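This report describes a two-chain model, element by element. The sequence and the structure come first, and the description follows.

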Amino acid sequence: MIEVRNLTKSFDGKTILHDVSATFETGKTNLIIGQSGSGKTVLIKSIVGLVRPEVGSILYDGRDFMQMDAVQVKNLRKEIGMLFQGSALFDSETVLGNVMFPLSMFTEMSPAEIKDRARFCLERVNLKGADDKYPSEISGGMQKRVAIARAIALNPKYLFCDEPNSGLDPRTSILIDELLLDITHEYNMTTIINTHDMNSVLGIGENIIFINKGYREWVGDMNKIYTSANKALEEFVFANDLFQKVRQYVLQNEHPGAGK
Amino acid sequence: MIITESLNTFGRYCLFMKRVFTVPDKWRIFFSRTVFEISKLGVDSIPLVIVISIFIGAVITIQMQLNITSPLIPAYSVGLATRDIVLLEFSNSILCLILAGKVGSNIASEIGTMRVTEQIDALDIMGVNSANFLVLPKVVGFLFYMPILVAFCIATSFIGGFFVAAFTDIIPVSRFIYGMQAFFQEWYVWYGFIKSLFFSVVISSVAAFYGYYVRGGALEVGKASTNAVVASSILILLLDVVLTKLLLQ
């Protein structure tokens, strides 16, 4: 479980996050949602320590990240896997080399064991036969899978995903979402996903934190989102006519009497 | 304004170097990366070094001949002047200025691209000291390979000069070769090698510094690689003055 308490962060005098508190639960896919520019990337980067907030505390199962020294941070990071928006695969390494990288860097396994583990991770994300290709030679969806395989190679306790679906078609997005949901349950990880894809929100949102203009506006899950009375959330999630119709339908058929 | 900015940049460079020069996490990976960098930065530069050196060696010989056509100066002084110019300045300072363009821009754009595509962030998140992991093998590899490039440069420059003596009639071959050997000072060779070692560290570390702190996109990567070449060229010339004063006087 990761707890964020009273986080405030500003850049050049402009406050991006205002006193944000949130709890991210173990074994669940925790979604941070919000418009572009609402501060969700800053929030996720603050939690992993790529950005240092001015005020607040971040607790990884009770361990305060802000109070840690360099060695403790380094050890904690071995428990963290992160999936970046652009996949961030190493261009100079093959697909297999990318997944093997954290293993050869941080474990004492033999080269054969490392290869086995890397192949296992690639199979887990349903990627076969691309071992010797370079990241530039495979599609965006495949790159995302490789990045997920690399992130889970060290069996992390915490998995962070920064917009895992950006730039992917809806079908591939759903596959990636389901993959993230499956591995979260399988390995009982604390998964934090930063997204503005409504398919993800309604499909895998087991715990949703809605950030609006730097404030934490709403917390709930994908079932509560239909009945939420929060105006900003409603406008953001059900932005187009189709989603509005879906919402009306769900409210009439599944939650009679709730909502408007 | 410029002074405070330069001092600020120099301070950040020093802090960056502090992160680079730490003990690698895994020596085995460090060595294999160093060998890879030697091949990429060093061995791949040999063709460029050879081509440039042959031409410049020939040009120096021709220009010396043009400038020293006097009955008072012995003909062998063309060989002597060619040798000393190559040993003192061309095979180290000028060669490093050329390599700053090739190797420096390569390092800055590679590391800069890794920064803007979040690959460096990915390394940091894994708990790898990205500055040390990416930059130290380049600095060490290039440092080790620099004397070899200088040796290649010296040898091929002399061959270029020799070609002019052999295939034109502006100077007899025997006079040229005699001049090459006359009044030889061994220290000049060591002086050139010592200078080149300093320059190699400047090229690789300054370029890595500019690449590492890129913010933005492809345009900024291009700018960083230009800035890296400009800054390392100026530093090479500055160090050249300081080292010449220290080593030759």
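The model is predicted: local features need pLDDT of at least 70, side-chain atom pairs count only at pLDDT 80 or more, and totals for chains, interfaces and linings use all residues. Residues are numbered from 1 along each chain as its sequence is written, while chains are lettered from A and ligands numbered from 1 in the order in which they are written.

Chain B holds nine helices and zero strands; here helices (H or I, at least four residues) and strands (E, at least two) are DSSP runs, numbered from the N terminus. Its C-alpha trace spans about 70 × 45 × 35 Å along the principal axes. Of the contacts in chain B with a separation of 6 or more, 87% are between residues 24 or more positions apart; two residues are in contact if their C-beta atoms, placed from the backbone, lie within 7 Å.

Between the chains, 13 residues of chain B are in contact with 14 residues of chain A. On the chain B side, helix H5 (residues 119–126) of chain B gives the most, with six residues. That side divides into five nonpolar, three polar and five charged residues. Ala, Val, Leu, Ile, Met, Phe, Trp, Tyr, Cys and Pro count as nonpolar, Asp, Glu, Lys and Arg as charged, and the others, Gly among them, as polar.

Chain A has an open sheet of six strands with mixed pairing, in the order E6-E7-E8-E3-E9-E10. Strands E6 (80–83) and E10 (215–220) of chain A are at the edges with a single partner strand each, so one side of each has no neighbour in the sheet. From one strand to the next the twist averages 15°.

| Strands of chain A | Sense | Bridges |
|---|---|---|
| E3 (residues 29–33) and E8 (residues 190–195) | parallel | five bridges |
| E1 (residues 2–11) and E2 (residues 14–24) | antiparallel | seven bridges |
| E1 and E4 (residues 55–60) | antiparallel | five bridges |

Within these pairs, Leu31(A) stands opposite Ile193(A) in E8(A), Ile2(A) has Phe24(A) in E2(A) as its bridge partner, and Glu3(A) is bridged to Leu59(A) in E4(A). The hairpin of E1(A) and E2(A) has two residues between the strands, and Asp12(A) there takes a positive phi near 50°.

Helix H1 (residues 40–48) of chain A lies across E3, E6, E7 (158–162), E8 and E9 (207–212) of chain A, at about 155° to E8(A). Helix H5 (residues 140–152) of chain A also packs on the sheet, touching E6 and E7 of chain A, and its direction makes about 170° with that of E6(A). Axes are lines fitted to C-alpha atoms, for helices over the stretch in contact, and angles run from 0 to 180 degrees between N-to-C directions.

Chain A is assigned domain 1 (1–79 + 158–221) and domain 2 (89–155), with bounds from an automatic or database domain assignment. Their centres, taken over C-alpha atoms, are separated by 24 Å. The contact takes 10 residues from domain 1 of chain A and 10 residues from domain 2 of chain A. On the domain 1 side, helix H6 (residues 170–187) of chain A supplies the largest share, five residues.

Notes. Pairing = 2+ DSSP bridges.
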